[in-house]
Amino acid sequence: MGRLGENEGVTAQIRPASAAGVRSVVVLGSTGSIGTQALDLIARAPDRFRVAALAAGGGRVDLLARQAARFDAEAVAVADPGAVPALKEALAAAGARARVLAGPEGVAELAAAPCDVVLNGITGALGLTSTLAALSAGRVLALANKESLIVGGPLVKRLAAPGRLIPVDSEHSALAQCLWAAGPAGADTRAVRRLVVTASGGPFRGRTRAELGDVTPEMALNHPTWNMGPVITVNSATLVNKGLEVIEAHLLFDIGFDRIDVVVHPQSVIHSMVEFTDGSTIAQASPPDMRLPISLALGFPERVPGAASAVDWTTAHTWTFEPLDDEAFPAVSLARHVGTLGGTAPAVYNAANEVCVEAFLKGALPFPAIVDTVERVVAEHVPGAASTVEEVLSADAWARARAAELAR
């Protein structure tokens, strides 16, 4: 189902940038963790940003309506068409004047709407169509939805003009900042020895594989550092999220998988590092706060003063780094294999994982079986090309169906 009939052509009514220097932003996934933090940042920097439109899945229409009213959004969209009646009622109660679009097509239409920046904070592979829509329309894309790049790698890269795709993940934002800081050397991949992606280790750092069998959803959702949605939080506990980030780093920076390492850094202050061929390493450090990479993506190439707190250098700090335990947490090594296979294999990895996480949260699948099941689905898949959306979505659908069978 597409947009509502009475809202045909709504994007033509969305203004691009308003006053000089103020960037208009379309926020996709506005009711989620990334979206709410982005709106907090925008609210504190009205001289730099304004909200043009908002989109969400449809599960929190009251919050979406309050956001639309607070930021005077010109349009809102919900991926679930069934949420439209409740959304319209909530918008009226909140005093919001926003027009309503519905369905994935409606969300994608907002992604292509006239604006300065599209922030894609949608969770999962559902973000692919919006990523492609934003890039096809020539928008600057602040990408928090790593899955869309991973599953649609060739498609996304083909459309991403230089300077139009800015990563929001803290690790990839850190890598980009390290490369920028290196000047001409950072622009030359031959001068880069390796990318070092840091991982908090999640709530089960230090546990052996045998000790992960009794993990419950409540335990997995208790992340020691970050406050995220349930899927991303479980992905951080299994380290699938870090596996996805390795694939993302490969696609963003054109660095081979043999030159991308993962190191466990529990304090989550060093967000990633770049080691150069001369032996020097540049690291990006800041307290864990997603508003910093969000601000950099929205304001690129300028920084937003006061976006987040800096490291307090007047107090003592101890930062530790540990090797990744691939036996207890095999998701990263599996992701390297999947990324090397390429084609539709990353889409299968991601889709199977989303199904397995859902099964785990419902109590139908033990924690270690999440990655075990994903590995089995990947092994059964014969990778094909990922040159069209149809090919990607077909592989995605097959992986979901097969993972659901195995997770019963």
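1. Helices (H or I, at least four residues) and strands (E, at least two) are taken here as DSSP runs and numbered from the N terminus. Helix H15, spanning residues 345–361, contains glutamate 358.

2. The model is predicted, and local features accordingly need pLDDT of at least 70, side-chain atom pairs count only at pLDDT 80 or more, and totals for chains, interfaces and linings use all residues. Residues are numbered from 1 along each chain as its sequence is written, and side-chain values use heavy atoms, with hydrogens and water left out.

3. Glutamate 358 has a relative accessible area of 43% and is therefore partly exposed, a class that falls between buried (under 20% relative accessible area) and exposed (over 50%), computed with a 1.4 Å probe on protein chains only. Although 127 residues separate glutamate 358 from valine 231 in sequence, their C-alpha atoms are 7.8 Å apart in space.

4. Strand S1 (residues 23–28) is mostly covered, with 5 of its 6 residues buried. Strands count as paired if DSSP finds at least two bridges between them; S1 runs parallel to strand S2 (residues 49–56), joined to S2 by 6 bridges, and leucine 28 has alanine 55 as its bridge partner in S2. S1 also pairs in the parallel sense with strand S5 (residues 117–120) over 4 bridges, where the partner of valine 27 is leucine 119.

5. Strand S8 (residues 192–199) has 6 of its 8 residues buried, so S8 is largely enclosed by the rest of the structure. S8 pairs in the antiparallel sense with strand S10 (residues 270–276) over 5 bridges, with arginine 194 opposite glutamate 275, whereas S8 and strand S9 (residues 260–264) run parallel and are joined by 5 bridges, with leucine 195 opposite isoleucine 260.
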